[in-house]
Amino acid sequence: MTRTASLTRSTSESTVELQLDLDGTGRSSIDTSVPFYDHMLTAFAKHSLTDLTVRASGDTHIDAHHTVEDVAIVLGQAIREALGDKAGISRYGDALVPLDEALAQAVVDISGRPYLVHTGEPVGFEHHLIGGHFTGSLVRHTFEALSFQAALTVHVRVLAGRDPHHIAEAEYKAFARAFRQAKSLDPLVEGVPSTKGAL
């Protein structure tokens, strides 16, 4: 079974080309034109053991928002496509990840039902510019786009943190580790892990 996807999305605001392999080793080649986002997607690939290639360009002279959101949309769509009928997956994943003073937890259910609960970021975090281009508000926004497009139920909680870079990175890494567990193939699972028979 090959769990791969290759997608392209082009609008007046951005162009995104993305390839992924859910059964990879964490190799990545990322160029979104938003350096901090490249850093976060590289961390996602590494810690979820997903091979990921992204090439994106957009109207970042206006704001990074469109390009960041569109990459998250395509990544979510690619994940959903690559998961296929979800037969044999573990389905659930849970991870608690520290980064120095920051601590984040993510729980993922490959449920087929898009839902995001996102809590705990410090007051004002959404206004911080991280790396000169990436606003803190985009962390939640990318999880929203990913959850909706990939049809995942995702809970992300920031339990501690002061530095915006550390907080954001802990969130992405926690999501990556939880997703890695959820997408993994479990030899004990026969068919789709749902009493409904479909996810």
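**View 1. Helix α1 lies across strands β3 and β4, at about 160° to β3.** Helices here are DSSP runs of H or I with at least four residues, strands are E runs of at least two, and both are numbered from the N terminus. "Lies across" rests on contact, meaning heavy atoms within 4.5 Å. Angles run from 0 to 180 degrees between N-to-C directions, using axes fitted to C-alpha atoms (for helices, over the stretch in contact). Everything shown is a predicted model, where local features need pLDDT of at least 70 and side-chain atom pairs count only at pLDDT 80 or more, while totals for chains, interfaces and linings use all residues. Residues are numbered from 1 along each chain as its sequence is written, and side-chain values use heavy atoms, with hydrogens and water left out.

**View 2. The sheet under α1 is an open one of 4 strands, in the order β1-β2-β4-β3.** Its pairing is mixed, and two strands count as paired if DSSP finds at least two bridges between them. At the edges sit β1 (4-10) and β3, each pairing on one side only. Neighbouring strands are turned by 5° against each other on average, direction ignored. Take β3 and strand β4 (residues 51-58): they run parallel and are joined by 4 bridges, with Ser29 standing opposite Thr53 in β4. Helix α2 lies across β1, β2 (14-21) and β4, and runs at about 35° to β2.

**View 3. Thr32 sits in the loop between β3 (28-31) and α1 (35-48).** Thr32 has 0% relative accessibility, so it counts as buried; the cut-offs are under 20% relative accessible area for buried, over 50% for exposed and partly exposed in between, with a 1.4 Å probe and protein chains only. What does the side chain of Thr32 reach at 3.1 Å? That would be the backbone nitrogen of Val34. The Thr32 side chain also makes a polar contact with the side chain of Asp38, at 2.6 Å. (A polar contact is a pair of N or O atoms within 3.5 Å; within protein, one must be able to donate a hydrogen and the other to accept it, and residues adjacent in sequence count only if both atoms are side-chain atoms.) Setting aside neighbours within four places in sequence, the residues in contact with Thr32 include Tyr37, Leu41, Val54 and Thr67.

**View 4. Ser33 and Lys86 each have a positive phi without being a glycine.** For Ser33, phi is about 75°. Ser33 is in the loop between β3 and α1, and is partly exposed with a relative accessible area of 33%. Lys86 has a phi of about 70° and belongs to the loop between α2 (65-83) and β5. Is Lys86 buried or exposed? Lys86 is buried, with a relative accessible area of 5%.

**View 5. Another open sheet has 4 strands in the order β5-β6-β10-β7, with mixed pairing.** β5 (92-99) and β7 (115-119) stand at the edges with a single partner strand each, so one side of each has no neighbour in the sheet. From one strand to the next, the twist averages 10°. β5 and β6 run antiparallel and are joined by 8 bridges; Pro98 stands opposite Leu103 in β6. Their hairpin has 2 residues between the strands, and Asp100 there takes a positive phi near 55°. On to β6 and β10, which pair in the antiparallel sense over 7 bridges, with Leu103 opposite Ala160 in β10. Of the 8 residues of β6, 6 are buried, so this strand is largely enclosed by the rest of the structure.

**View 6. β7 and strand β10 (residues 153-160) pair in the parallel sense, over 5 bridges.** His118 has Val156 in β10 as its bridge partner. Helix α3 (residues 137-150) lies across β7 and β10, running at about 160° to β7. Helix α4 (residues 164-183) packs on the sheet too, touching β5, β6 (102-109), β7 and β10, and its direction makes about 150° with that of β5.

**View 7. Zooming out, the protein chain has 4 helices and 10 strands.** Along its principal axes, the C-alpha trace spans about 50 × 35 × 25 Å. Buried residues make up 48% of the 199 residues.
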